[in-house]
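Could you walk me through this protein model, starting from the overall picture and working down to single residues? I would like to follow along with the structure open beside me.

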Amino acid sequence: MSTTIQNQVLNIYRSVVFPILFSGLKADPEWVHHRVLNILSFIDTDSDSQLISRVQTMMDKFFCFEDTRLKQTLWGLNFKNPVGLAAGYDKDGVAINAWPRLGFGFAELGTVTFHQQSGNPQPRLFRLPTDRAVLNRMGFNNQGAGALATRLQGQAKTNLGALSIQENYSFIPPSLFPYGINIGKSKITSLEAAATDYLDSFRLLKDWGDYFVVNVSSPNTPGLRSLQNTDNLSKILAVLQEENQGNKPILVKIAPDLETEAIASILDLIKEYQISGIIATNTTINREGLKTKIIPVTGKAVTEEAGGISGAPLTQRSTEIIKFIWQETQGKLPIIGVGGIFTTEDAWDKITAGASLIQVYTGLVYQGPEMVKQILQGLLQKLDEQGLNSISEAVGLAHQK
């Protein structure tokens, strides 16, 4: 494909497609989200089409950026770059082959629950553009752990078939593109039975994820955040690690609204149960400092709307928690930093605060998929400015000053 045609296609995307999908269209954000996933899923699966093949090639060219200095190995997994897709975007794994084509170094699927569930009543997803934020109260809407396991198993067979491996699918080689699976509690499951619910999901999925995340920090399932207290979380981690036997990395995702004492207690549990890492942070229930006062769709004050806030209002708080975790663990616990990442500066702040990897969601909504490549190019420039040879050398750099 000629450079002229490629530039024309890119200009069409920037001037027409991007405004419709990400900002300009006054449509329900959840509807737009599903349309984006449908498009990506179609591009993912219909690879026999010459047109789709060209689109895939264009995506690789426009959105992907590779450099050996951005590579890392964590938990025995190879990450081609530190920027990942956060949980919540592709809950059911419907577009898993699209994420590498958009430049990501890894992707986290879910949150998935053992029982299929429809989530909270709509509308439940709202953009707050003046705050560069999103308010969501989705409620873990997903097709269930069994459905995700079936989809990932089918994809694994397809990928192995492409490698001319004809049988014995009981062993899946390490992924060249790591996928995490984020697990939550089913709404119909009581808090007392939460550990069993997490375990049931893990048993179905343990062969198909590269790492797993215990989500006890979403504000959108009643009582879920109470599972962050030491007694409840201890029960969950104990049963998962007994089942896991050290085979897969297990991480815990925490809320940004925790006090430092509560975070320290979780870190003690992580050490006790030999948990592989921590994700900081989930969405916040804090409404302080928001410029948005009224949600136009509902006509209610933002302070009266249930749900978690993601995006720019979370940037500083999530970075503060990353710094605290790094200091408490002396940099020995791998951290995935998430919350309000829009630019290279945002990414660099989290990495130098102590995050080995970072994840984006709301930034993708507002900036579009070109954001990933721009961040990666910017990170390389930062490495050059600091005289560093790899992104791993930047992890925790702020603590050395």
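Predicted model: local features only at pLDDT ≥ 70, side-chain atom pairs only at ≥ 80, totals over all residues.

The protein has twelve helices and 15 strands. Of its 401 residues, buried ones make up 56%. The accessible surface comes to about 17700 Å², and carbon and sulfur atoms account for 51% of that area. If you take the contacts between residues at least 6 apart in sequence, 74% of them join residues at least 24 apart.

Now turn to the barrel. Eight strands form a closed barrel in the order β3-β4-β7-β8-β9-β10-β14-β15, and their pairing is parallel. On average, neighbouring strands of this sheet are turned by 25 degrees against each other, with direction ignored.

How many of the five residues of β9 are buried? Five of the five are, so this strand is largely enclosed by the rest of the structure. You can check this from both faces: Ile250, Val252 and Ile254 lie on one side, Leu251 and Lys253 lie on the other, and all of them are buried. Note that a lysine, Lys253, is part of that buried set.

Strand β9 has a partner in β8, which covers residues 211-215. The two pair in the parallel sense over four bridges, and Val213 stands opposite Leu251 of β9. Between these strands comes helix α7, residues 230-244, and β8, α7 and β9 together make a right-handed β-α-β unit. Strand β9 is also joined to β10 by four bridges, and this pair runs parallel too. Here Lys253 stands opposite Ile279 of β10. To get from β9 to β10 the chain passes through α8, in a β-α-β crossover that is right-handed.

Next, find helix α9, residues 315-329. Why does the distance between its ends agree with a helix of this length? At 1.5 Å a residue, its 15 residues should span 21 Å, and the C-alpha atoms at its ends are 22 Å apart, so the two values agree. Its buried residues are Thr315, Ser318, Thr319, Ile321, Ile322, Phe324, Ile325, Trp326 and Thr329.

The backbone holds a few details to look out for. Most residues other than glycine have a negative phi, and most peptide bonds are trans. Gln330, which follows α9, has a positive phi near 55 degrees. Gln245 also has a positive phi, near 55 degrees, and its place is in the loop between α7 and β9. Is Gln245 buried or exposed? Its relative accessible area is 59%, and the cut-off for exposed is over 50%, so Gln245 is exposed. In the loop between α8 and β10 you will find Gln274, whose phi is positive at about 55 degrees although it is not a glycine. With 66% relative accessibility, Gln274 counts as exposed.

Two peptide bonds are worth a look as well. The bond from Gln122 to Pro123 is cis, with omega near -5 degrees, and Pro123 is found in the loop between β4 (106-112) and β5 (125-128). The bond from Ala280 to Thr281 is also cis, with omega near 10 degrees. Thr281 has its place in the loop between β10 and β11 (294-295).

Our last stop is Ser218, in the loop between β8 and α7. Its relative accessible area is 5%, and buried means under 20%, so Ser218 is buried. Leaving out residues up to four places away in sequence, Ser218 touches Phe140, Leu224, Arg225 and Asn282. The C-alpha atoms of Ser218 and Thr111 are separated by 9.6 Å, while these two residues are 107 residues apart along the chain.

Methods
Residues numbered from 1 in each chain as written. Heavy atoms only, no water. Expected span 1.5 Å × (residues − 1). Buried < 20%, exposed > 50% of the residue type's maximum accessible area, 1.4 Å probe, protein only. Pairing = 2+ DSSP bridges. Right-handed = clockwise from strand over helix to strand, strands pointing away. Contact = heavy atoms within 4.5 Å. Areas by Shrake-Rupley, 256 points an atom, 1.4 Å probe, with all protein chains shown as cover. Axes fitted to C-alpha atoms, helices over the stretch in contact; angles between N-to-C directions.
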